[in-house]
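Welcome, and thank you for taking a look at this protein with us. Please have the sequence and the 3D view open as you read on.

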Amino acid sequence: MPDENFLSQVPAASALFLREEEVRRGIEYLFFAHGALWRAIDARLAENELGRAHYRALYFIARQPGLTITDLLTLLGITKQSLGRVVKELEAREMLVTRPGNRDRRQKELRLTEAGRALEKSVFALLRDAMSRAYTHAGQAAVTGFWQVSEALVPARERSRIAALGREPG
């Protein structure tokens, strides 16, 4: 049986944490953690014949109802064509609706339907459980450190966009 206390296998960062070997270790943990987190939801998405791009769109629209196509493009960092396919498929499956913007009628605002909210919640529950287990194992100081490192990896000009998630636009 694998050791459930994975922290016993993680060496403490040395005072020389900026050496190449330590930086590589951090990058490797990011790669493997990212893959494990997404694999936790792949089966649920496959049940609904959706992919990770669909969920990323659902997630951010759930976090910020009324998000515009332009804002979602910026958040996701994908092409307009890729997002167009995702939005059209989610609309066809009645998981989201688009409507003209309140401030600019040329813009499309995105909102989840009841079905979209239900799917997003069920997939998020899997992510929440995985993150909660990891947070519990790591402890409060490690979680704060993780957030600080993650924030420092995001370009400063993009941090306000992250801070705004979960608030109504406008």
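Thr 68 stands opposite Glu 109 in S3. This is a predicted model, in which local features need pLDDT of at least 70 and side-chain atom pairs count only at pLDDT 80 or more, while totals for chains, interfaces and linings use all residues. Residues are numbered from 1 along each chain as its sequence is written, and side-chain values use heavy atoms, with hydrogens and water left out. The names of helices (H or I, at least four residues) and strands (E, at least two) follow DSSP runs, numbered from the N terminus.

Let us stay with Glu 109 for a moment. Glu 109 belongs to strand S3, residues 108-112. Is Glu 109 buried or exposed? Glu 109 is buried, with a relative accessible area of 10%; buried means under 20%, exposed over 50%, and partly exposed in between, using a 1.4 Å probe and protein chains only. Setting aside residues up to four places away in sequence, Glu 109 touches several residues, among them Gly 66, Leu 67, Thr 68, Val 97 and Thr 98. Contact here means heavy atoms within 4.5 Å.

Now for the sheet as a whole. Three strands form an open sheet in the order S1-S3-S2, with antiparallel pairing. Strand S1 (67-68) and strand S2 (96-100) are at the edges with a single partner strand each, so one side of each has no neighbour in the sheet. Two strands pair if DSSP finds at least two bridges between them. S1 and S3 are joined in the antiparallel sense over two bridges, and S2 and S3 over five bridges, also antiparallel.

Axes are lines fitted to C-alpha atoms, for helices over the stretch in contact, and angles run from 0 to 180 degrees between N-to-C directions.

| Helix pair | Angle | Axes apart |
|---|---|---|
| H3 and H4 | about 115° | 10 Å |
| H2 and H4 | about 75° | 10 Å |

H2 and H4 are therefore roughly perpendicular to each other; angles under 35 degrees count as roughly parallel, over 145 as roughly antiparallel, 65 to 115 as roughly perpendicular and the rest as oblique. On the H2 side, Ala 53, His 54, Ala 57 and Leu 58 meet Val 86, Glu 89 and Leu 90 in H4. By class, this contact has five nonpolar, one polar and one charged residues. Nonpolar covers Ala, Val, Leu, Ile, Met, Phe, Trp, Tyr, Cys and Pro, charged covers Asp, Glu, Lys and Arg, and the others, Gly among them, are polar.

H3 and H4 are roughly perpendicular as well. Their contact is made by Ile 69, Leu 72, Leu 73 and Leu 76 of H3 with Lys 80, Leu 83 and Val 87 of H4. Its residues divide into six nonpolar, no polar and one charged.

Finally, two loop residues deserve a look. Most residues other than glycine have a negative phi. Glu 49, in the loop between helix H1 (20-47) and H2, has a positive phi near 55° and is exposed, with a relative accessible area of 62%. Glu 94 has a positive phi of about 55°, lies in the loop between H4 and S2, and is exposed at 57% relative accessible area.
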